[in-house]
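Dear colleague,

I am passing on the structure we spoke about, and I would be glad if you could look through it before reading my notes. The notes come after it.

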Amino acid sequence: MGLSRVFLLFYSVTLLTANGVLPREGRDGLIVRRMSTDGGRMQWREKRSAGGDRGVHAMDRQRGGVNVSSIRTSSAALTGDSAHSQVRVVWAGHNNSVILILTKLFDFNLGTVTESSLWRSVDFGATYVKINDRVITRTMLSYMYVCPTNKRKVLILSDPDVESSLLISSDEGATFQKYSIDFYIMSFLFHPTKENWILAYSDDQKLYSSVDFGRKWILVHERVTPGRFYWALSGLDKEADLVHIEAQTHAGLMQYVTCQAQKCSEGNRQYPFSSKIDTNSLVVQDEYIFLQLTTAGRTTYFVSFQRGPFKHIQLPKYCLPKDMHIISTDDGQVLAAVQEWNENDTYSLYVSDSPGVYFIRSLPNIRTSRGAAGNLIVDVYKVGGVNGMLIANKKEGHQMRTFVTYNKGQTWSLLPPPTKDASGLDISCTMPSCSLHLHLLMSENPYIPDTVLTKQTAPGLIIARGNVGAELSFTHSGIFITSDAGNTWRQVFEEEHSVWFLDNGGALMAVTQTSVPTQDLWISMDEGRHWDRFSFSSTPLFVDGVLMEQDTQNYIITFFGHFSYLSDWQLVKIDYSPLFRRRCTEGDFQTWQLHNKGEVCVMGQKQVFLKRRPNVQCAVGVNFPRVVSTESCICTLYDFECDYGFERQMSGRCMPAFWHDTHTPVHACSQGHTYLNSTGYRRVHSNNCNEGLKEALSPRLQQCEETPPSGLQLQTSNTLLTANLGTNVTFRVTLQHGDSMSTSLHLDFGDGISVSYSNFSRLGSGIRHVYRTSGIFRVTAHAQNSQGSDLTSLYLHVISPVERITLSVPVVAIKGRKTNLTAVVWPSQPRTAAFYWWFSNNTEPLVTLEGSVSHTFLEEGRHLVVVQVSAGSSVLQDSETITVTDFFRSLLLSFSPNLEEHNPSVAEWRQDVGRVVTATLSQVCAFPEDRLLVSVFPGSPTAAELFILPEKKDSKARADEQLDKMLEVFINALNQNLIQFDLKPDTRITVSVTQLTLAPLVDSSALPSGSAALMLVSLAFVGLAVFFIYKFKRKIPWIHVQTEDTHEKEPEMISAVGPGQNTTHTPYTPRKNTHTPYTPRNNPHNPYTSQKTTHIPFTTRISTRTPFPSCPAAHSQAPAPRTTCDMMEELETQNGGAGGFGERLRSREIPNCTNV
């Protein structure tokens, strides 16, 4: 949950900004009800269904001698609107003589308004006229607003399902002009001082502004968080049209943005907080701006005081808050509800210093609840008219009890119970086991008062619903009143009533709860000690609400409700001005001194107030001075709370918390300057005491000493440890302790670049750097002065989006031997990507930070290998299939040069070429295709490798021999250019045996090594072999060598090596054509027999028990050459047909290498 404002019962209104957001009812038909100090908030009241007729409780009210019969009443009915279940009633005009009423029928099945009526009264509600024709008959009206700074101006929204328009009046609703709009307005926000300036929020999260009271609109910003936009405040913001906005960036991050309402293009926007913020965390209230930022599960809160730089909010170190809500900021101090790590259904009350940075806990385990809209309601009530007085409901064990403080939370105590009930009978209740408990609830109906009432113009007078007992109860409650700020209480009603202040607190009016029809109201002129009944209607009325203008000289009240569920809306005008025959004079008042259980020094001063004498029927008025005199008191321990980092002991003394270092200044301190060193106490905010303990407990001025730097912190501006390649990265370096003016800073970015600063004052808003390569970089900050140094570092992952991944694996692997697998990504991601590997049917991946792994396959067959690479927010995948067998034979292939111009270097093309070559080899050599695999390598020139697999049912010895002979068949077919295919109608490709081997793909040895190293080793061995053969060609057995400079000489035959020896054969074919053309026996008219072939010398990578015979066609003295057909017939004779190939072969001793 984001940082937000809670609905605190504060001066009888919800705690919101003075210019308030005007919510619009949702499309699902639910009614949003809120209150506002300015009357501009929409206040819908849904008609209640008729309930049981319980009537007013028949209490014998003691008469106060007030002539209530002089009260004048009149009634009116909104004829024809009986089906309209929703109503909005507002005062309009400078003298409040105009009342506007909008009724509507909302169809919950259709989700829209189907009927609406607009009524107007110009005689304070005595008569009403329906004025639908003035606002265009066919227009369906949905919402009505009155400008809070000029009540002559009225704005009505039409239903967008019928017509999207605004109806604007500047003459108290006498006439309207219609203006079309092209967006659906969800809420309005009026400027606190400029009557024509309005912000409008649409259903697609766009914010619009108008400077002509809604006639023209300009888009301010998109992707704005609902309810997180605020007008500028006079005296704090530089421009009156500045707007504070919480909005989402294109990357999905939330940012705090400010701009002018009519000039909010990207170039005109400012970002006072450079980092991202949490969703629903921006709160702009009075002198304060609050933000929150969550990183790695820990939330940090920030505050800006008087639009200054943002600072970390300092809560006690091990508070570890889960949630935080702002309760009050009106008195130059912040009251906040914080849910600590060990709290579940309760919150703790915290109070701050004046800048709102350092908080201390005032009261734990405060009761909370949720409103109809899901908003948090904290049971803390700030009493109006008495500075420093708060009432709260606290959980103790399994009980909820009510406490009161007179010094802003420094000390708390239970509320004393009344001595008698409403009937005058004694109440048996002894503290502390029994006390008075109050309901601190906000009314969901904006036309019905809250359950607790106070008023700034009526100091000491508190009216509340509650109960007497061991704990708070919501089942049996009555109405209680105190006239001396909670020192003594009396019960005035045994049942729930709604109570209103009249004449700025000079009189009271009460009506039974709205679920019961009534025709009577009660009037008290002596703060609830005596009540007089007055019948305002001849027929009992279900009172749905009471319209009353507070803080004005208007003595008119309008009751609205219904006689039954199907009746028309009834309105009763009550003029109570005859109760006040004249203006009060000095002799009509008496003095009253504020005290706390007899202690007259409250908040460091003695205060004497004036109150009207009981039953004197004179009008107090708005500007009447309430305070007679104030006198400062001597400071005592009672006037001080524990400072930040200190906790109050049982003895009452404030001692350092175990985590707090008293030797280190809390605030930044530079050498040559001074700071205030805490004594463990701080005077309660706005306390006015003098002398006494003030000097002893106040912070002491001390000289700043140069101390070694400590608490060095380094982070990026967005608190992330990742950054995109080529973008600006802003580093923030802060020093918690030490002289920032004399401490130098050296910041090493980890990529060979570093910067230095002579002191921390030069850092500004951060240090920017751009990384040019990807990787993980160790960023190090080093702070140093003459007293010592401090070091901190972070590891930053600089990544670039992964565009491609290619999995390179051998086509064939040997069972039980390690196989190297490589994933190549582009662009390269050194150490910044994670690789996830799946083998065969495994569900759990192998995770690596490198793009290569070695894996051992334990079963023969085809195995699927899948790899994914994750870098930043991108994830790519590739897969390949590996054939696993006990042994095999392979041969490197090359292609005629004309293939190169047609090679697009894509994997699919290579697969198709390999498939065609496989089919051609199978057809020409009459070998089963399912035992042949051809893998075409990436790169140029194009090359491939042929794999010949054994028959599984044959023994190893037999398959070993047959594979060797079959390999010779393929070699002869390739040497005779019999393996050809048509790439295009005019392009024929010839496949032959390559002269030089590529890096081998399969490892049969127990010691695998890297592909690059093996390729170099292979090339080195080839070079040594050529040199060795050239020098000692006549002394090496089984090697037939013929060089180009000895074409005229016949090759010399050298005796063979013994049959038990194992060697590698390198058959050599001279470049001139000496081979007998080969004709497959199944195709005696092969056209290729007439073509001349040129054979390329080749080297095979095989190890056998018996040597291969030399190619007979290469030597004139050799026996008659054997064709491929001859060898095929011989193999078929030995094996009983072509199906007999496949004895198990001995594994080749060939190093493994991954094809890259």
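Below are the points I found in it, beginning with the confidence of the model.

Please keep in mind that this is a predicted model. The protein chain has an average pLDDT of 80, and 80% of the residues score at least 70. Over residues 7-61, however, the pLDDT is below 50, although this stretch has 213 contacts in the model beyond near neighbours in sequence. Residues 1130-1156 also have a pLDDT below 50, and there the contacts beyond near neighbours in sequence number 121.

Next come the charged pairs. Side chains of opposite charge can pair when their charged atoms come close. The count of salt bridges comes to 31. One of them joins D575 to R72, with the closest N and O atoms 2.9 Å apart. Because D575 belongs to strand β45 (residues 569-575) and R72 to strand β5 (residues 72-78), this pair ties together parts that are 503 residues apart in sequence. D575 is buried, at a relative accessible area of 13%, whereas R72 is partly exposed, at 47%.

A salt bridge is also found between the side chains of E340 and R361, at 3.4 Å from N to O. E340 sits in the loop between β26 (335-339) and β27 (346-352), while R361 is in strand β28 (residues 359-370), 21 residues apart. E340 counts as buried with 7% relative accessibility, and R361 is partly exposed with 44%.

In the salt bridge of R889 with D964, the closest N and O atoms are 2.6 Å apart. R889 lies in strand β73 (residues 889-895) and D964 in helix α3 (residues 956-975), so the two connect parts that are 75 residues apart in sequence. Both R889 and D964 are buried.

As for helices, α2 (residues 907-925) has 19 residues and reaches 27 Å from its first C-alpha to its last, close to the 27 Å expected. Among its buried residues are W909, V913, V917 and L921. After α2 comes A926, whose phi is positive, near 55°.

N687, in the loop between β55 (681-683) and α1 (694-697), is buried at 4% relative accessibility, and beyond its neighbours within four places in sequence it contacts M603, G604 and D639. Y318, in the loop between β24 (311-312) and β25 (323-328), is partly exposed at 42%, and together with L320, W341 and F658 it makes a nonpolar surface patch of about 500 Å².

Methods. Residues are numbered from 1 along each chain as its sequence is written. Side-chain values use heavy atoms; hydrogens and water are left out. Helices (H or I, at least four residues) and strands (E, at least two) are DSSP runs, numbered from the N terminus. Buried means under 20% relative accessible area, exposed over 50%, partly exposed in between (1.4 Å probe, protein chains only). Contact means heavy atoms within 4.5 Å. The expected span of a helix is 1.5 Å times one less than its number of residues. Patches are made of residues with over 30% relative accessible area and no salt bridge: like charges are joined within 9 Å, nonpolar side chains (Val, Leu, Ile, Met, Phe, Trp, Tyr) within 5 Å. Accessible areas come from the Shrake-Rupley method with a 1.4 Å probe; for residues, only the protein chains shown count as cover. A salt bridge is a side-chain nitrogen of Lys or Arg within 4 Å of a carboxyl oxygen of Asp or Glu. pLDDT is the predictor's confidence in each residue, from 0 to 100.
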